[in-house]
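Biologist: I would like to learn how to read a model of this kind. Please take the features in turn, with the general idea before the case.

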Amino acid sequence: MIRAPILFVALAVAMGATACGGESGDDGATTVAIDHTGGPQIVIEDPWSRSTPVVEGGTGIAYMTFSNQGDTADRLVAVKTPMAAAVELHIDEVDANGVMHMRMVDGGVIDILPGETVRLEPAGLHIMLIDLVEPLVEGTSYPLTLKFEIVGEVTLDVPVAYEQPESGSVDPIVVPET
Ligand SMILES: [Cu+2]
């Protein structure tokens with residue numbers, strides 16, 4: 001709820017700039033009819049992919065962290081990139097024999113509840129890039145478009161590295177922006 005006053009100010013300025021919408025009361029204060037509190041706000045941090053062998057049609061994996069600083073749940077429903085023919089949301093799980101398997105997440109979506117942080121990391125949740133158009137080369141980056149049910153689409157630049165980059169080496173992305 002801390003961001004509510006900031007949103008209010010931003011809105012008032014925007015409406016003033018278009019010279020409409022805002023209504024001045026007797027005390028001169030601008031009132032805004034729209035309530036922008038209550039939605040989700042997704043913060044995306046530390047995206048990266050491990051570099052892949054130079055083979056045709058291989059697979060790649062993208063990791064990152066999502067947190068929801070808003071008041072409402074949202075969910076990651078789809079991912080796409082020009083780098084791969086298909087993208088799936090996967091989770092690694094250890095079976096009764098101690099063998100690691102990966103499978104698609106239940107429902108094909110990743111829920112991000114208010115106040116919750118969801119980490120996509122090795123041996124856990126991940127974004128699977130299937131049938132790569134070209135290998136993921138260390139030191140490069142590629143565009144990845146995430147589609148959330150409520151806050152919509154956002155495209156980020158995913159760095160490719162051999163080891164997981166230090167946290168915070170990429171600026172966080174906030175959707176919607178405040
Ligand atoms: Cu996978």
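Modeller: Start with the elements: the protein chain has one helix and 13 strands. Helices (H or I, at least four residues) and strands (E, at least two) are DSSP runs, numbered from the N terminus. Along the sequence the pattern is α-β-β-β-β-β-β-β-β-β-β-β-β-β. This is a predicted model, in which local features need pLDDT of at least 70 and side-chain atom pairs count only at pLDDT 80 or more, while totals for chains, interfaces and linings use all residues. Residues are numbered from 1 along each chain as its sequence is written.

Biologist: What is the mean pLDDT of the protein chain?

Modeller: The term pLDDT stands for the predictor's confidence in each residue, from 0 to 100. Here the mean is 84, and 79% of the residues reach 70 or more.

Biologist: Over which residues does pLDDT stay under 50?

Modeller: Where pLDDT is low, the predicted coordinates should not be read in detail. In this model that concerns residues 1-25, where pLDDT stays under 50. The model has 22 contacts beyond four places in sequence for residues 1-25; two residues are in contact if their C-beta atoms, placed from the backbone, lie within 7 Å.

Biologist: How is strand pairing read, and which strands pair with S4?

Modeller: Two strands pair if DSSP finds at least two bridges between them. Strand S4 (residues 60-68) runs antiparallel to strand S3 (residues 42-50), with six bridges joining them; Ser 49 stands opposite Ala 62 there. S4 is also joined to strand S10 (residues 125-132) by three bridges, again antiparallel, and Gly 60 has Leu 129 of S10 as its bridge partner. With strand S9 (residues 117-120), S4 makes four antiparallel bridges, and Phe 66 stands opposite Val 118.

Biologist: How many residues lie between S6 and S7 in their hairpin?

Modeller: Five residues lie between S6 and S7. Strand S6 (residues 84-94) pairs with S7 in the antiparallel sense over five bridges, and the bridge partner of Glu 93 in S7 is His 101. In the turn, Gly 98 has a positive phi of about 80°.

Biologist: Is S7 well covered or hardly covered?

Modeller: Cover is read from neighbour counts: a residue is buried if 20 or more other C-beta atoms lie within 10 Å of its own, exposed if 12 or fewer, and partly exposed in between, with C-beta atoms placed from the backbone. S7 (residues 100-104) is hardly covered, as the count of buried residues among its five residues is zero. For the protein chain of 178 residues, 20% count as buried.

Biologist: Which residues touch the most other members of the largest nonpolar core?

Modeller: A nonpolar core is a set of buried Ala, Val, Leu, Ile, Met, Phe, Trp, Tyr and Cys residues joined through C-beta atoms within 7 Å. The largest one has 21 residues, and Ile 42, Ala 62, Leu 76, Ile 127 and Leu 129 touch the most other members. Two or more residues each come from S3, S4, S6, strand S8 (110-112), S10 and strand S11 (141-148). S11 gives the largest share, four residues. Beyond four places in sequence, the contacts of Leu 129 include Ile 61, Ala 62, Met 83 and Val 87.

Biologist: Which backbone angles deserve a second look?

Modeller: Most residues other than glycine have a negative phi, and most peptide bonds are trans. Asp 46, in strand S3, has a positive phi of about 50°; Asp 46 counts as partly exposed because it has 19 C-beta neighbours inside 10 Å. Asp 131, in strand S10, has a positive phi near 60°, and with 14 other C-beta atoms within 10 Å Asp 131 is partly exposed. The peptide bond from Val 175 to Pro 176 is cis, with omega near -10°. Pro 176 lies in the segment after strand S13 (173-175).
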